[in-house]
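Dear colleague,

I am passing on the structure below for you to look through. My notes on what was found in it follow directly after.

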Amino acid sequence: MSENDKFYVERCLDGHPDDFRYLVRRYQAALLANLAGKLGDKDRAEEAAQETLVRAYFNMGKLRKPDAFFSWLLGIADLVAKEQYRKEQLQRRRQIVRSFSEEAPPTELSQDYALETAIAELPEAYRKIILLRYYGGHSCNQIAEQLDMPLGTVTKTLSRAYAMLRDALRQQEQASSL
Amino acid sequence: MNCTECKELLVAYVEGLLDDSQKQTLAEHLKNCPACQAEADELTGLQERLVRNGKTVAQSDLENGVMNQIVREQNIRLKAAAKATEALKTRRILMKSPMTKIAAAAVILIAVVLIGINPFGSSVTWAQVIEPILNAKIVIFDMILGTDDTGVVSHEIVIGSRMRKTMSNMPNMTMIIDTDNAKLLGLDNDAKTAVYVDITGDLGDRHRSYIKFVRQIIHQLQDGQVEELGEQTIDGQKAILFVGKGQNEEVRIWADPETAHPIRIEAQIGQEFSFTMKNFEFNAAIDESLVSMNVPEGFTLQKTDIALGNASEEDFVESLRIWAEIIGDGTFPAVIGSQSAMSDMPTLVQKVDAMQITEEQGTQIGMSFARGLMFHQMMENQGGQWHYAGAGVKLGDASKPIFWYQPQNATTYRVIYGDLSVKDVAAENLPK
């Protein structure tokens with residue numbers, strides 16, 4: 001499980017599909033956090049994360065830089081989330097026409113929906129690092145290595161990301177207390 | 001250290017990335033600067049919040065779900081890809097104009113295999129299930145070679161003594177068969193060509209419209225040789241299974257327990273031939289012109305010398321030769337029979353194509369191959385005893401018997417050897 005992404009990507013492409021599970025293990029939490037923030041509920045996030053991973057598996061041949069697997073995965077996730085969102089909007093519109101039924105409260109992935117939303121709204125460069133750090137279990141050094149950037153840049157990016165998260169959370173709190 | 005410097009290092013500090021001296025300087029600054037300390041507290045607070053949430057999220061496990069879905073989709077994709085290649089292959093074969101006739105021979109072989117079956121006698125009644133089968137004038141169903149639903153699917157429309165088939169591996173070919181007059185009309189919907197084929201002879205004597213065959217199966221089932229095996233789930237439906245065993249055949253019918261509508265029929269005829277029928281529809285409102293024997297407008301009738309008369313042992317020996325020499329590069333195939341011949345047909349066409357011979361010669365090879373197989377299929381249908389031992393034998397090897405059978409009304413057996421010589425052999429001297 002200590003091999004890098006490139007290793008597993010190449011194993012999959014060499015006809016060892018089972019090794020994809022290591023990539024799933026490595027990134028599922030990051031993916032879920034990212035999608036939960038975007039979609040706002042646990043079931044939807046899980047569904048989208050699964051779809052993202054399956055899509056990634058079948059499109060692995062198109063991944064030019066196996067090192068960039070995670071960024072690529074996030075790109076797919078964004079696409080899946082967008083598709084799902086559009087689909088749901090359509091369904092909701094039909095539902096509204098059909099009835100005034102109450103909307104069931106979304107089951108949240110965790111208590112901290114506010115945090116997840118704030119993460120989901122971060123620009124990609126920042127989001128990626130937060131996801132890797134807290135949901136992918138990477139240390140700053142590992143992130144530096146994986147994203148091929150100096151450690152100083154990682155901490156600077158993190159610092160900026162924290163500031164943005166704090167702002168976003170503060171705004172949310174203000175909005176909800178109004 | 002001033003506040004700006006402190007803020008710059010704060011994340012590295014919280015992350016534990018600073019060396020001891022840096023750490024100490026920073027800690028000292030924090031002690032004396034409440035603003036920076038507040039900033040640091042807020043940062044650790046946020047960090048803890050992230051860690052907590054990270055742990056919660058990590059409890060969800062997608063691994064099995066993802067891996068299972070991949071396996072499922074992989075299978076679907078593989079099947080679709082195999083089908084696409086098969087269709088493409090066939091299409092390429094059919095589109096190559098000089099080889100159209102050999103492909104026509106292939107199609108006819110398939111048609112022959114599917115209609116030349118006459119397994120049962122007839123008798124009494126199992127009223128409910130068979131009522132629609134016996135009385136429907138129009139029957140639509142799908143026929144699949146083999147019983148595992150992976151074979152070539154033939155979509156069949158039977159109206160009276162006429163039928164129309166489309167095979168899934170040759171979607172652009174349509175065959176219309178007039179069983180009263182033993183004639184087949186083959187239509188190539190891409191090339192817009194039509195061809196008439198005479199199927200008299202052995203076939204003329206014994207060909208059956210498919211529904212007639214189904215009726216015979218049903219008759220067989222009334223015979224007291226039927227066993228009811230109770231309720232099962234088949235093709236996603238509840239069904240009652242009946243199994244009928246004849247001398248040379250075994251038939252399984254799954255019928256709807258409430259409406260008696262047949263859901264699926266599987267038949268095993270002789271040693272090598274099995275097929276499945278499903279998606280039955282009775283007396284659907286369809287246009288009878290679908291089974292018209294006239295050449296449709298816009299189609300050019302091709303002159304042809306394709307005729308499938310009586311097939312002899314000599315024809316069969318010739319198809320064995322073609323099988324070994326052309327398809328097998330000098331080695332006899334692992335299995336023989338209509339099913340394996342069909343799966344080898346694309347190879348034959350490709351090899352013949354590569355031989356750079358004339359269209360006439362190519363067609364001749366295709367026809368000979370098909371005709372010899374008819375001999376074998378007839379033997380199967382009549383319940384004849386045969387044995388094939390040619391797997392891996394080299395063409396020309398006179399020491400190895402590859403096939404033997406007992407002709408009807410004969411006391412001795414005919415044995416075909418690897419060099420394709422044939423001898424009469426008494427039963428006690430047969431190869432073991």
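From the N terminus on, the elements of chain A run α-α-α-α-α-α-α-α, which is to say that chain A holds eight helices and zero strands, where helices (H or I, at least four residues) and strands (E, at least two) are DSSP runs numbered from the N terminus. Please keep in mind that this is a predicted model, in which local features need pLDDT of at least 70 and side-chain atom pairs count only at pLDDT 80 or more, while totals for chains, interfaces and linings use all residues. Residues are numbered from 1 along each chain as its sequence is written, and chains are lettered from A and ligands numbered from 1 in the order in which they are written.

Of the 178 residues in chain A, 39% are buried, a residue being buried if 20 or more other C-beta atoms, placed from the backbone, lie within 10 Å of its own. Among the contacts in chain A with a separation of 6 or more, 69% join residues 24 or more positions apart; two residues are in contact if their C-beta atoms, placed from the backbone, lie within 7 Å.

Within chain A, helix H2 (residues 20–39) packs against helix H5 (residues 113–120) at an angle of about 95 degrees, with their axes 7 Å apart, where axes are lines fitted to C-alpha atoms, for helices over the stretch in contact, and angles run from 0 to 180 degrees between N-to-C directions. That makes H2(A) roughly perpendicular to H5(A), a term that covers 65 to 115 degrees. H2(A) contributes A:Ala33, A:Asn34, A:Ala36, A:Gly37 and A:Lys38 to this contact, and H5(A) contributes A:Glu116, A:Thr117, A:Ile119 and A:Ala120.

Turning to the contact between the chains, 25 residues come from chain B and 31 residues from chain A. On the side of chain B that touches chain A, helix H1 (3–14), helix H3 (34–57) and helix H4 (63–95) of chain B each supply at least two residues, and H3(B) gives the most, with ten residues.

Chain B also has an open sheet of four strands in the order E13-E14-E15-E16, with antiparallel pairing; two strands pair if DSSP finds at least two bridges between them. Its edge strands, each pairing on one side only, are strand E13 (386–388) and strand E16 (422–425) of chain B. Four bridges join strand E15 (residues 413–417) of chain B to E16(B), and B:Val415 has B:Lys423 as its bridge partner in E16(B).

With kind regards

Note on methods:
Parallel < 35°, antiparallel > 145°, perpendicular 65-115°, else oblique. Buried ≥ 20, exposed ≤ 12 C-beta atoms within 10 Å, placed from the backbone.
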